[in-house]
Amino acid sequence: MSLARPEAAPAAADLSPRVTAGRPLLAVLVLATGLGPFAMQVFLPALPAIQAGFATSAAAAQLAFSLSTLAIAFATLVYGPLSDRIGRRPALLGGLFVYLLGTGLCALAPSLELLVLGRVVQAAGGCAGMVLSRAIVRDLYPREQAAQALAWITMAMVVAPTMAPALGGFLVDRAGWRSIFALGLAVGAGVLLACRARLVETGRPGGPGGPGSAAATMLTAFAVLMRHRAFRGFAAQAAFSMAVFFGFLAAAPFLVVETYGRPALEYGLLFVLISGSFMAGNFAAARLSARLGSERMILLGSLGSLAGAALALALALFGLRTPLALFLPTALGAFAQGLAMPNAQAAIVSVVPGLAGTAAGLSGFLQMTTAALAAQLVGSLPTDTPLPATLAMTVCAGLALLGALHAGVRKAHGPAERSRAPSR
């Protein structure tokens, strides 16, 4: 497979349907972005079957999920700087190839240890699209229009995990847990072929030096980004928003199935409320970001996310402990997160445009590590009541709002703000 760099794409200036040349590329980026979340979520229904198949404990089987989440966190640190150095296209194609290797190892794994290793490799490769699609969009579009494109791309991170659990459960019941990885191979190969055919180089790769100088360059770039107050604030907003969602994921299945005594299918159906609300928020962001300004959308979304989490906590405190009392307020928060997240991502990669890939990678690392810590914390709390989970979600939503305020969004005045230079 050749990874030769094609001719750089011209910068796009419009996301309207008239720009037909850019739509296939945007579609490819959506597919590449959705691959990682799809692989993560389609696997979850197989955990009990894997535990039984390898005659191991639930905690040991859970390593296939928790360690893959950490693999995503650390891999995001690599893809951004790597793409700034060698180009977006080879970095993304290489990541997809690594995903296929890991998925194949999972499908054939004769032991739990090799399955966990395969999941780590799969996750490290699959997250390439999640990181690099943001940098590619930033290469092609100015900030406000980048937020519109990222709204569509972010929806892939919601649609894929929404559909994946039901599909994974169906495959496990009908064909066994290994069939999930056979599907992963087929989907990954299709995405790789689509990216190879449609993806052009949008960055400006270059720079001499070997791995040592690359690591030093990466650390220097991280330091440059962290000196910017805007980057710190927007990255914190995105990280704690992700923590709200992962905290919910850690507790909701146990609350619905064990505490409320409802079937697992009901949890899957209720989860559509969360994903659908987030998608609706992303759709609204795609329509409103250019008109209202990204900073205003981030502030509005942060406030809405806090309101949703606080409402869920209040209902739990007043004794209204039903699935809908948990899911409906969380759906409100998910809609608000859909408004804020694409704008926060566009802001993150716009602070230092020359380090867009590095910014996307560092921000992704912070998001996944914060989310993993939140999930581990909430998962260790009692689930016989929704109070611990909703309290943790409210705290995380409050921290996300503080991050937005630290970035200076309270000073925003709509679209005119786009010309303001990022503050340090």
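This is a predicted model: local features need pLDDT of at least 70, side-chain atom pairs count only at pLDDT 80 or more; totals for chains, interfaces and linings use all residues.
How many of the 26 residues of H13 are buried? Residues are numbered from 1 along each chain as its sequence is written, and side-chain values use heavy atoms, with hydrogens and water left out.

**View 1. Helix H13, residues 323-348, and its kink**. In H13, 22 of the 26 residues are buried, and the helix is thus mostly covered; buried means under 20% relative accessible area, exposed over 50% and partly exposed in between, with a 1.4 Å probe and protein chains only. Helices are DSSP runs of H or I with at least four residues, numbered from the N terminus. H13 reaches 35 Å from its first C-alpha to its last, close to the 38 Å expected at 1.5 Å a residue, the expected span being 1.5 Å times one less than the number of residues. A kink of about 25° is centred on Gln 337, where the bend is the angle between axes fitted to the seven residues ending there and the seven starting there.

**View 2. The largest nonpolar core**. This core has 88 residues, of which Ile 50, Leu 92, Leu 115, Trp 177, Cys 195 and Phe 231 touch the most other members; a nonpolar core is a set of buried Ala, Val, Leu, Ile, Met, Phe, Trp, Tyr and Cys residues joined through side-chain atoms within 4.5 Å. Helix H1 (residues 23-43) supplies eleven residues, the largest share of this core. Apart from it lies another core, of 27 residues, including Phe 248 and Phe 271.

**View 3. Cys 195 and helix H8**. Cys 195 is one of the buried residues of H8, among them also Gly 184, Gly 188 and Val 191. Leaving aside neighbours within four places in sequence, Cys 195 is in contact with Val 28, Ala 32, Leu 92, Leu 93 and Leu 96, contact meaning heavy atoms within 4.5 Å.

**View 4. The loop between helix H2 (47-53) and helix H3 (58-86)**. Ala 55, in this loop, has a positive phi of about 50° although it is not a glycine. With a relative accessible area of 72%, Ala 55 is exposed.

**View 5. Thr 370 in helix H14 (residues 356-379)**. Thr 370 counts as buried because its relative accessibility is 19%. Not counting residues up to four places away in sequence, Thr 370 touches Ala 239, Phe 240 and Ala 243.

Definitions and conventions: Helices (H or I, at least four residues) and strands (E, at least two) are DSSP runs, numbered from the N terminus.
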